[in-house]
Amino acid sequence: MEIIKKTLSRIGDDSEVQKQTAVSGGDINQAFYVQTQSQEYFMKTNAGVPSHFFQVEAEGLQAIQQTGTIRVPEVYHYDQPEDGESAALLMEWIHSGSMNDHASLGSQLAHMHSHTNASYGYGTPTFVGQLDQPNTWAPSWVDYYRTCRLGAQLDIGISKNRLTSKRRSRLEALMNKLDQYLPAHPKASLLHGDLWAGNYMMDEQGRPVLIDPSILYGDHAFELAFTEVFGGFPSDFYEHYQEVLPLPVHYEETKALYQLFYLLAHLNMFGESYGPPVDRILKHYTG
Ligand code: ADP
């Protein structure tokens with residue numbers, strides 16, 4: 001494929017491509033294993049993504065890498081495409097192994113969450129899946145969560161016609177009284193932002209590796225709540241997480257509110273199968 005050769009030549013690898021195979025598992029991009037005479041790579045390609053699509057993923061990986069707490073693939077190159085151009089993100093190929101070390105995933109993530117910032121949110125727009133994720137630096141977590149998270153999904157839900165009038169009015173009512181439930185000033189932890197089971201790998205030595213982040217700084221309970229949306233990670237993960245960083249006292253009470261963001265995003269991306277859990281949470285908080 002033309003884009004593969006072009007991307008490799010950007011990083012100065014003009015050696016012969018010996019193997020290229022499609023990798024399945026992603027929701028959004030085409031992904032490839034590429035082996036040249038000199039190296040192995042993981043490459044994602046997409047045509048028609050906004051120019052900052054791969055840039056924010058690369059920057060997220062680099063921000064996590066800089067904490068020195070948990071492994072991420074090394075980023076070699078990303079494109080900032082003009083409208084409609086094919087673009088690529090090129091990174092280190094991670095060899096998956098059969099050892100599952102969820103204890104290390106828990107403790108290393110907790111160490112990553114111990115890296116904090118003065119403000120909440122993030123300085124540039126990112127993506128949640130394919131949806132735009134507007135961001136800002138906010139002095140209050142609850143304001144960031146109201147505007148940039150629930151508010152953004154409300155707007156997308158309206159434009160995609162995913163919100164019944166009841167759903168919409170309950171969501172608006174909940175947003176208005178959000179400060180009754182969420183802490184205004186929790187520690188602003190560095191969060192992966194999209195941590196479900198498909199977004200971590202275990203390498204050949206059993207080390208956890210985070211992939212595909214959508215980073216922000218915020219309440220670490222937000223990240224943990226998402227890990228529980230699809231049945232939860234193995235118990236080792238939570239036990240070792242808490243040895244490093246205890247769960248906040250508000251965890252159980254805020255969990256559903258934090259899961260609401262991800263469920264709304266899924267409703268907006270994938271449709272009505274995510275409607276019932278969204279409605280259950282909204283009804284619980286607004287009656
Ligand atoms: P998408 O952005 O399309 O959701 P992902 O980043 O989730 O794509 O990657 C798709 C799949 O490719 C993952 O589920 C994982 O199995 C594999 N993968 C991702 N990054 C790497 C990597 N650096 N090395 C090897 N395999 C990877």
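Arg 168 is partly exposed, with a relative accessibility of 37%; the label covers values between buried (under 20% relative accessible area) and exposed (over 50%), using a 1.4 Å probe and protein chains only. This is a predicted model, in which local features need pLDDT of at least 70, side-chain atom pairs count only at pLDDT 80 or more, and totals for chains, interfaces and linings use all residues. Residues are numbered from 1 along each chain as its sequence is written, and side-chain values use heavy atoms, with hydrogens and water left out. Welcome to the structure; here is a tour by topic.

- Arg 168 forms a salt bridge with Glu 172, with 3.2 Å between the closest N and O atoms; the term asks for a side-chain nitrogen of Lys or Arg within 4 Å of a carboxyl oxygen of Asp or Glu.
- These two residues, Arg 168 and Glu 172, are 4 residues apart in helix 5, about one helical turn; helices here are DSSP runs (H or I, at least four residues), numbered from the N terminus.
- Glu 172 is partly exposed too, at 29% relative accessibility.
- Arg 167 is buried, with a relative accessible area of 3%.
- Arg 167 and Glu 272 meet through their side chains in a salt bridge of 2.8 Å, N to O.
- Because Arg 167 lies in helix 5 (residues 165–176) and Glu 272 in the loop between helix 8 (251–270) and helix 9 (275–286), this pair ties together parts 105 residues apart in sequence.
- Glu 272 is partly exposed, with a relative accessible area of 48%.
- Arg 167 also forms a salt bridge with Asp 279, where the closest N and O atoms are 2.7 Å apart.
- Asp 279 lies in helix 9 and Arg 167 in helix 5, so that pair joins parts 112 residues apart in sequence.
- Asp 279 counts as partly exposed, at 25% relative accessibility.
- By this rule the count comes to 13 salt bridges.

- The protein is divided into domain 1 (2–92) and domain 2 (102–286), with bounds that come from an automatic or database domain assignment.
- Taken over C-alpha atoms, the centres of domain 1 and domain 2 are 26 Å apart.
- In domain 1, 19 residues are in contact with 25 residues of domain 2, where contact means heavy atoms within 4.5 Å.
- About 1,800 Å² is buried between the domains, and carbon and sulfur atoms give 71% of that area; buried area is the accessible area (1.4 Å probe) that two parts lose on being put together, summed over both.
- Thr 69, Ile 70 and Arg 71 supply 32% of the area that domain 1 buries against domain 2, more than any other three residues.
- There are 2 salt bridges between domain 1 and domain 2.
- Elsewhere in the list of charged partners, Lys 44 pairs with Asp 212 in a salt bridge, the closest N and O atoms being 3.3 Å apart.
- A network of salt bridges links Arg 71, Glu 92, Asp 203 and Arg 207.

**Aromatic rings**

- The count comes to 26 aromatic pairs, where rings of Phe, Tyr and Trp (its six-membered ring) pair if their centres lie within 6.5 Å, and planes under 30 degrees apart count as stacked, over 60 as edge-to-face and the rest as tilted.
- Trp 141 and Tyr 145 have ring centres 5.7 Å apart and planes at 35°, so the pair is tilted.
- Both Trp 141 and Tyr 145 are buried.
- One aromatic cluster has members including Trp 141, Tyr 145, Phe 222 and Phe 261.
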